[in-house]
Amino acid sequence: MSAPIHDNAAAQLEQSDGTIHLAVVEQRHFKGPIVLAAVVALLAALFGLSPRDGTSSFRLGDPSQALALADVGVPTAVTSWLVWAVLVVLTLVAFWLAWSYRRQPLWLTIAFSILGVFAFLVWAGADGLVPVPSLLFGAVSLSVPLVFGALGGVIGERVGVVNVAIEGQLLLGAFSAALLSSITGNPFIGLIGAMIGGVLVSFVLAAFAIKYLVDQVIVGVVLNVLVTGLTGFLYGALLAPNENQLNRPERFTRLQIPGLSEIPVIGPVLFNQTFIVYLMFITVALVAWGLYRTRWGLRLRAVGEHPQAADTVGIKVNASRFWNVSLAGAIAGIGGAYFTLVSVPQFGKDMTAGLGFIALAAVIFGRWDPIRATLAALLFGFATNLQNLLTVLKTPIPSEFMLMLPYVVTILAVAGFAGQIRGPAAAGKPYIKG
């Protein structure tokens, strides 16, 4: 006989008569509520120790838009504390859910994040102007490489291969895009070259990790160092002496969607972007749909969770891993193309600046889910862009602190939370048939 299985865990107990009982092992998950409580405490200390008064103004649209909205002003101190009180209520709800053996829902995390950012911006914008569309536009722009890198990481780890080489895929993608776009004068050729560059890195990762059973983390780290040195050498020997011919890539221009780009606040952010940003929207939707709604996604997840069982039903485990890791590299390579085909007019040494590791942290924060990983990448991009606004608003917080924030979050994700979040069961484990 067996007891009802709770949402959290269960354990088998063998009795003296030989019967097996399934005992419920209930666990309360307080990690999320504790994080929310820490944020609430930090905001309270910020508002209390460094009070700011006056009026915080928010610009919700461009005055040149057909549907332009007027600026909205709110009293700084009162609004900050009112929103903080709502955050306290949400934190208490999170603790109640944890005490009741329920997991913290995604909507609560999103609502808390939005309100927390709003409270902080109200405090920071005392007697100043917060341009919301510009802030969001910059956050999306900075998040594009992270999103593509995170999607590549999700696919790789879901199929059972830990993709630490995202940094190398981004960097070689940026180099290939700059070189081919400069030679051909066509940004689409550069984009294809970036995908090929990402596939080359993932090909080496897959060959050593799947065929020769080398530790996947070590291979990823070595590949990052190798690509960094290789692109640095080629930049000095090839691109720098021939900069006008080989390092002047033709870039993508913005494609404004008529009508939709006039929507206040979100119109310029979502519908006045470059081809790569629109491709990002499509890729996120396709990966999220394909991972959970298609035969490809079912096979991919089966290989990453239980390769032996997948093998018994006829799935070629190692071949599936190889091709899906290559697909992950192509997607990450598109993120590298954004650096040289949209953001910066030419390739520079080490221009990815460790963003591949932040993308890996977004994978972990997102619990190996494409939508959650995308939201985590957007959060990192927003935190990076926020430091520019803090400088303009002349807040007491040094802008360098906000510049550090994405990297601090990366350390917490990899060192603090990775062991408490269960990833794909077979991730990092080579499969030997038989």
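## Aromatic pairs

The model contains 14 aromatic pairs, counting rings of Phe, Tyr and Trp (its six-membered ring) whose centres lie within 6.5 Å. Planes under 30 degrees apart count as stacked, over 60 as edge-to-face and the rest as tilted. One of the pairs is Phe175 with Phe347, which is edge-to-face because the ring centres are 5.3 Å apart and the planes stand at 85°. Phe175 belongs to helix H5 (residues 166–184) and Phe347 to the loop between H13 and helix H14 (355–365), so the pair ties together parts 172 residues apart in sequence. Helices (H or I, at least four residues) are DSSP runs, numbered from the N terminus. Phe175 is buried at 5% relative accessibility, and Phe347 is buried at 1%; buried means under 20% relative accessible area, exposed over 50%, partly exposed in between (1.4 Å probe, protein chains only).

Phe365 and Phe380 form a stacked pair, with ring centres 6.0 Å apart and planes at 25°. Phe365 lies in helix H14 and Phe380 in helix H15 (residues 370–393), so this pair ties together parts 15 residues apart in sequence. Phe365 is partly exposed, at 27% relative accessible area, whereas Phe380 is buried, at 3%.

## Basis of the model

This is a predicted model, in which local features need pLDDT of at least 70 and side-chain atom pairs count only at pLDDT 80 or more, while totals for chains, interfaces and linings use all residues. Residues are numbered from 1 along each chain as its sequence is written, and side-chain values use heavy atoms, with hydrogens and water left out.

## Ring cluster and a charge over a ring

Phe47, Trp81 and Trp84 are joined into a cluster by ring pairs.

Arg52 lies over the face of Trp123, 5.4 Å from the ring centre. The rule for such a placement is NZ of Lys or CZ of Arg within 6 Å of the ring centre and within 35 degrees of the ring normal.

## Helices H10 and H11

The axes of H10 (residues 275–293) and H11 (residues 295–305) come within 5 Å and cross at roughly 70°. The two helices are therefore roughly perpendicular to each other, a term for angles of 65 to 115 degrees. Gly290, Leu291 and Tyr292 of H10 make the contact with Trp296, Gly297, Leu298, Leu300 and Arg301 of H11, where contact means heavy atoms within 4.5 Å.

## Ser320

Ser320 is found in helix H13 (residues 317–343) and is buried, with a relative accessible area of 14%. Leaving aside neighbours within four places in sequence, Ser320 is in contact with Val159 and Val303.

Note on methods
Axes fitted to C-alpha atoms, helices over the stretch in contact; angles between N-to-C directions. Parallel < 35°, antiparallel > 145°, perpendicular 65-115°, else oblique.
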